[in-house]
Amino acid sequence: MMRGIRFPYASSRQTYWEMASRYGVLVAILLAVVVGSSILTPEVLQPSNLAGMSVFGVEVGLMAFGETLVILGGGGGIDLSVGAMYALSQTVLGAMFQAHYGVWTASVGALVMGSILGATNGFFICVLGIPAILVTLATLFAYDGLALVVANGVNISGFPPTFGVIGQSSIAGVPFQLLVIYIPVAVFLWYASTRAAYGYRLRLCGTNEVAARLAGINVRGVRFWAYVAAGLLSGVAGVIGTSRLLTARPDAGATANIEAITIAVLGGTAIFGGEGSISGTALATLVIALLGYSFGLANINSIIETGSVGGILIVAIWGQTALSSYSQRHRAGANALEASDRA
Amino acid sequence: MTAVAAEAGRAQNARRISMSMGYEWSLALFEVLGIVVLSMTTAGAFLRVTNLRALLVDIATIALPGAGMTLVIASAGIDVSIGSLLGLVAVVAGMLFEHNVPVIVVLGVAAVVGGLGGVVNGTLITKLRLPPIIVTLGMLSIWRSMVFALLGGNWISSIPLSLTSLTVLDGLGFLPYSFVFAIAVVLLFSYISRKRHIGRVIYAIGSNNEAARVSGLPVQRAIMFAYCSLGVLTAIAAMMTLGQSTLVQANTGSGFELSVIAAVVVGGTSILGGTGSVMGSVLGAVLVELVQDAVVLYRVQPFWQGVVLGGIILVAVSVGLAKKSQR
């Protein structure tokens, strides 16, 4: 039944433009990156490298899912602190391990930590009503600082090799973290955001906050859980990252926030909320992972890579803005046409 | 009837002004208290002339871009790219110094580079109508990779002593030239923001962008002015930073944006736009630098600096909100 729900203005002619405005930039940039990287490093598209690339993309991809949920909720929702939560939950894992907790207990501790950090963001944003840009900018630096404090400024290593199963092993050639963590999480989030009541509430909060409130939705509560989800997903990414290198790094994820936001925007999440999809985000993750992996193969410094990601971010938001204003004009024209037909 | 309404409006305005003045006075009082505590508890380390002069230069370095950032945030925008822009200006200046270009020319070039950085942000925001946070987030990483590309993995340390003298060592008596210059600029921007047309347009945009547009106000020009002046002021701050620490690295200036935004927000400017004063941001800059100085003087691990800065922002804004809900 829920599947039948459409926004009132949707008709076949207009959804075409919506699709174009949502995915046009993504497809263009995907093509550009595929062509560019196969010129840069022709071997990048071999199957063996695809597995390596997905390892690269899983962690930032999980954070991008969290970012997507936060932005979907609207009200100026954005989370600049995902990379810092990734770093801090890693170092909490490391510190707990050093304090002689088992490595798996410590992993659970990292997940709890991630959720607490996300809930802290959510508290300031949704309960106190401070704008998300400001809160997450402040917590970005606070969490990064705490990560250094917890780890005493150095990498924590010495994890048992068995812990590497999450980040280093593979099942039938598919990386463990992709098969066992990323894909199930993606399916769950796809379900939660498109088929479950929570997803509808979140979208409605993003589309029309007043309508959502009048419909009896607890707007602040719905958004709060999106921030908690972003924290938890960053924690999951932190556990994977620690396992992948068998090292907890306090300076990890310094560029993750810009990558996660770029992926979300590129994947068609409207920056003012309400529109966006998990599948779009997953596809955009592939683009950024391909970019990062081929830059790595070509031995280009990661700072340059982040600069390119920044460029993609601006192009993506420009495409989104331009196409959506074009589709709005188109829609206005179509509506006028229909009105004159009726008359 | 209208006279009554106007009277009520005036009274409300007066109350609002006195409210914001009240906040600034209590902030200033808090800072005086902090200075007293710092002087008493650091066994004279705080009151040493070198420390105080360094503190004044630090305050100038934050307060200058703080004036521009106040305008940007008052227009309901934000600029998180200035840390990377500061790095870029520092690299360009350092490369010119390596070729023995005179200081005055370098200052000019730096201001142009900073201004261009602001023009890029302003153009993307006004002409393409992109959201400021996304644009400046993207530029943050783009400027940073340009810094890296220009440095090519090396660093620059050939900053002439004359720059250090100009920005840090020399001054009017006790006050370093940087500080005196910052006071002049801050007064100018305070005047622009309160009395000049373009300043009032910026606040109008921040209160209601659409209303400002349909009223025929020069929205694009005003926003461009805000980002452009922030860029130029950031460039001057970059030269002051170079005068203090004569080393340019790939990460020069990273995190600078947080200090400036913290100063502006602590100074009472709402991130939602339409309010805020340049003078408040100066008080914010003083608080931010006092705290950073305290972190050094009390020999706290430097890792705590980000935690403390982030905490200050959250506490200041929460206090501001609590006060507003009282009204």
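# Briefing on a predicted two-chain model

B:Ala43 has 9 other C-beta atoms within 10 Å and is therefore exposed. This residue belongs to a predicted model, which scores ipTM 0.87 and pTM 0.89.

**Confidence**

- Chain A has a mean pLDDT of 87, with 89% of its residues at 70 or more.
- Residues 1-12 of chain A have a pLDDT below 50, and this stretch makes four contacts in the model beyond near neighbours in sequence.
- Where pLDDT is low, predicted coordinates should not be read in detail.
- For chain B the average pLDDT is 88, and 92% of the residues score at least 70.

**Contact between the chains**

- Chain B contributes 40 residues to the contact, and chain A contributes 37 residues.
- On the side of chain B that touches chain A, at least two residues come from each of α5 (132-151), α11 (256-266) and α13 (304-326) of chain B.
- The most is given by α5(B), which supplies 13 residues to this side of chain B.
- By residue class, the side of chain B that touches chain A holds 28 nonpolar, 10 polar and two charged residues.

**Make-up of chain A**

- Chain A contains 13 helices and four strands.
- Chain A has 343 residues, of which 53% count as buried.
- Among the contacts in chain A with a separation of 6 or more, 80% join residues 24 or more positions apart.

**Helices α4 and α5 of chain A**

- Helix α4 (residues 103-127) and helix α5 (residues 132-151) of chain A pack with their axes 9 Å apart, at an angle of about 145 degrees.
- The crossing of α4(A) with α5(A) is right-handed.
- From α4(A), the residues A:Leu117, A:Thr120, A:Asn121, A:Phe124 and A:Ile125 take part in this contact, and they meet A:Ala132, A:Val135, A:Thr136, A:Thr139 and A:Tyr143 of α5(A).
- The residues of the contact of α4(A) with α5(A) comprise six nonpolar, four polar and no charged.

**A:Met113 in helix α4 of chain A**

- A:Met113 is a residue of helix α4 of chain A.
- Because 27 other C-beta atoms lie within 10 Å of A:Met113, this residue is buried, the cut-off being 20 or more.
- Apart from neighbours within four places in sequence, the contacts of A:Met113 are A:Leu88, A:Ser89, A:Val92 and A:Gly235.
- A:Met113 and A:Ile181 lie 68 residues apart in sequence, and their C-alpha atoms are 18 Å apart in space.

**Helix α8 of chain A**

- In helix α8 (residues 197-207) of chain A, the buried residues are A:Arg201, A:Leu202, A:Arg203, A:Leu204, A:Cys205 and A:Gly206.

**Helix α4 of chain B**

- Helix α4 (residues 103-126) of chain B consists of 24 residues and spans 34 Å between its first and last C-alpha, close to the 34 Å expected at 1.5 Å a residue.
- Buried positions in α4(B) include the glycines B:Gly114, B:Gly115, B:Gly117, B:Gly118 and B:Gly122.
- Also buried in α4(B) are B:Val106, B:Ala110, B:Val113, B:Val120, B:Asn121, B:Leu124 and B:Ile125.

**B:Ser229 in helix α10 of chain B**

- B:Ser229 sits in helix α10 (residues 219-244) of chain B.
- B:Ser229 counts as buried because it has 25 C-beta neighbours inside 10 Å, where 20 or more are required.
- Not counting residues up to four places away in sequence, B:Ser229 touches B:Gly68 and B:Leu71.
- The C-alpha atoms of B:Ser229 and B:Met69 are 8.8 Å apart, although 160 residues separate the two in sequence.

- Most residues other than glycine have a negative phi.
- A:Ala172, which is not a glycine, has a positive phi of about 50 degrees.
- The location of A:Ala172 is the loop between β2 (170-171) and β3 (174-175) of chain A.
- A:Ala172 has 5 C-beta neighbours inside 10 Å and so counts as exposed, the limit being 12 or fewer.
- In chain B, B:Ala43 has a positive phi near 50 degrees and is likewise a residue other than glycine.
- B:Ala43 occupies the loop between α1 (2-41) and α2 (49-74) of chain B.

Methods
Residues numbered from 1 in each chain as written. Chains lettered and ligands numbered in written order. Predicted model: local features only at pLDDT ≥ 70, side-chain atom pairs only at ≥ 80, totals over all residues. Contact = placed C-beta atoms within 7 Å. Nonpolar A, V, L, I, M, F, W, Y, C, P; charged D, E, K, R; others polar. pLDDT = per-residue confidence, 0-100. Expected span 1.5 Å × (residues − 1). Axes fitted to C-alpha atoms, helices over the stretch in contact; angles between N-to-C directions. Left-handed = near helix turned anticlockwise from the far one by under 90°.
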